Structure formats: structure tokens, C-alpha cells
Amino acid sequence: MPESDPVTIAVLGANPIWYPLMVLESQYASHLAPIVQQFKVLITESSRSGPPVLRSRGVIMAYPSYSSGGGLSARRTSAQKAAIAFGIVFLLIGVLGFIPGATINYGQLYFSGYASEAALLGIFQVSVLHNVVHMLLGFAGLALARKHSSAKLYLLGGGILYALLFIYGLLIPLDSDANFVPFNTADNWLHAVLAVVMILLGIFLGRESESSSYRSNPNPGEGSVPN
């Protein structure tokens, strides 16, 4: 692991996603180095400017921020919570795609193309590109969850994206160069489910306003500091 300054070390401890990014950069440097570098800058800067991170008995605790500027806070709407949940899930899926055991046929994990026969959980066909897309969607979910309007946009946009991927998967032969992501039949049906769920959540949860969420929790500071 390269030598790091104290801030980077603190970020590494507070962000478990950092190590997989370093592995990606070392194994697929020619393709992913610029993307990984941007991820690391994003993580570092967010940790520098975010709420204070304290260590107590070896456990990292981040005190929540309750600024009025629209950041993540206890006054989250349901749409924001859904965006955070999808963001975490997509990040987890992206990381698991690079872990042998969680991904079967790991030796056949290629950058892209249908020849990449690695399978997440032995079911879903993945590639380096496929995993990176999941991670990008994860970071987008966490970033756009800062506001109700952007969280709603994330849910609707993500649902539309997966609907298009589902249609694309139905139209192309899965064993052709057109399947560059790639995905198999299981991926395709999962895309259909994600499309329906994300669009419905975007529509119904998007009706909730930030002001109604505030009224349901008028005193966000109460109980915000852990014991």
C-alpha cells in the first residue's frame, strides 16, 4: 500500500470502499486509473469537509450534520432514504464483483464483453466495466440523496436506465459483441425488476415534500449525539 498522509489514513479507516479502489487501480491501471483517482479525490474531499469523525474504543463514529444547506441530515424524506439505500446496495454489489468467492469464475473476469464469464454469486454475469457501473450508480445515489429533488431524479433516472437496459438485453444476442457490458438472462430480469421498483418509488415517494418531512421531525438535533 502506498505511503499516505494522516488525512488519507483517516479516510481509509472511515471509508471501507477505499481499499477496493486501490486494488482496481493496481490491477486495471490502463483502463481505470483516471476513474479510481477521481473516486479517491471525492472520498478524501468529502471526508475533509464532512462532519467530524471520532474514534471511541476502535469504533469510528461520524456525528451527523444538520445544516440548512440541504445536506444529509435527520430530516431526510423517504425518497432520500431510498436513494441512500440503493446507493449502498449498488456500491456493495460493485465491490463484491471484485471479490473471489463472491464472484464465481473470477479468473475469467475481463474488462468488458460477453467473453467475461465471471458471475456474481454464481448467477449474474459481470465484468470490470459492469462492476464499475454499479459503483458509479452507488456513488451517484449517495451524492444525489443530499436533496429531495435530486433523490427523486435519481430514482426515476435509474429506473429509466434499467428499463432501457432491459429492452436492450431483449433485442441483442447475449453471445454477440453487442453485449459489451455484459449481462445474462438473470441480469436482464433483474434490470426489469429494478426498473419497476425505482420508477414506482420515484413517483410515489417523490410526492413527499421536504417541508412535510421537517414537520414530522421538527427537532432534528435531539438525540443526535451518541453516548
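The structure is a predicted model. The protein has eight helices and five strands. Of its 227 residues, 37% count as buried.

**Overall layout**

- Read from the N terminus, the elements follow the order α-α-α-β-β-α-β-β-β-α-α-α-α.
- The protein exposes about 12400 Å², and carbon and sulfur atoms supply 65% of that area.

- Strands of a sheet pair through backbone hydrogen bonds, and the pairing may be parallel or antiparallel.
- In this protein, three strands make an open sheet in the order 3-4-5, with antiparallel pairing.
- Strand 3 (103–104) and strand 5 are the edge strands, as each of them pairs on one side only.
- Strand 3 and strand 4 run antiparallel and are joined by two bridges.
- Threonine 103 stands opposite leucine 120, which belongs to strand 4.
- Alanine 119 is also found in strand 4, which covers residues 119–120.
- The relative accessibility of alanine 119 is 11%; buried means under 20%, so alanine 119 counts as buried.
- Beyond its neighbours within four places in sequence, alanine 119 is in contact with Ala102, Thr103, Ile104, Phe124, Gln125 and Val126.
- Alanine 119 and asparagine 184 are 65 residues apart in sequence, and their C-alpha atoms are 9.5 Å apart in space.

**Serine 127 and helix 5**

- Serine 127 has its place in the loop between strand 5 (124–125) and helix 5 (128–144).
- With 0% relative accessibility, serine 127 counts as buried.
- Its side chain reaches the backbone nitrogen of histidine 130 at 3.1 Å.
- Leaving out residues up to four places away in sequence, serine 127 touches Leu109, Tyr110, Phe111, Ser112, Ser116, Val181 and Pro182.
- Helix 5 has 17 residues, which at 1.5 Å a residue should span 24 Å; the end C-alpha atoms are 24 Å apart, so the two values agree.
- The buried residues in helix 5 are Val128, His130, Asn131, Val132, His134, Met135, Leu137, Gly138, Phe139 and Gly141.

- Helix 7 covers residues 185–205.
- At the start of helix 7, a side-chain oxygen of asparagine 184 comes to within 3.2 Å of the backbone nitrogen of alanine 186.
- The 21 residues of helix 7 should span 30 Å at 1.5 Å a residue, and this agrees with its end C-alpha atoms, which are 30 Å apart.
- Asp187, Asn188, His191, Ala192, Leu194, Ala195, Met198 and Gly202 are the buried residues of helix 7.
- An α-helix has 3.6 residues a turn, so residues three or four places apart point the same way.
- The cover over the buried residues of helix 7 includes helix 4 (78–96), strand 5, helix 5 and helix 6.
- Aspartate 187 is found in helix 7, and at 3% relative accessibility it counts as buried.
- Not counting residues up to four places away in sequence, aspartate 187 touches Phe124, Gln125 and His130.

**Aromatic rings**

- A search of the whole structure finds five aromatic pairs.
- One of them joins tyrosine 168 and phenylalanine 180; the pair is edge-to-face, with 6.5 Å from centre to centre and 65 degrees between the planes.
- Tyrosine 168 lies in helix 6 (residues 148–171), while phenylalanine 180 lies in the loop between helix 6 and helix 7, so the pair ties together parts that are twelve residues apart in sequence.
- Tyrosine 168 is partly exposed, with a relative accessible area of 29%.
- Phenylalanine 180 is partly exposed too, with a relative accessible area of 43%.
- Phe86, Phe90 and Tyr162 form one aromatic cluster.

Methods:
Residues numbered from 1 in each chain as written. Predicted model: local features only at pLDDT ≥ 70, side-chain atom pairs only at ≥ 80, totals over all residues. Heavy atoms only, no water. Helix = DSSP H or I, 4+ residues; strand = E, 2+ residues; numbered from the N terminus. Buried < 20%, exposed > 50% of the residue type's maximum accessible area, 1.4 Å probe, protein only. Areas by Shrake-Rupley, 256 points an atom, 1.4 Å probe, with all protein chains shown as cover. Phe/Tyr/Trp six-rings, centres within 6.5 Å; stacked < 30°, edge-to-face > 60°. Contact = heavy atoms within 4.5 Å. Polar contact = N/O pair within 3.5 Å; in protein donor to acceptor, adjacent residues only side chain to side chain. Pairing = 2+ DSSP bridges. Expected span 1.5 Å × (residues − 1).
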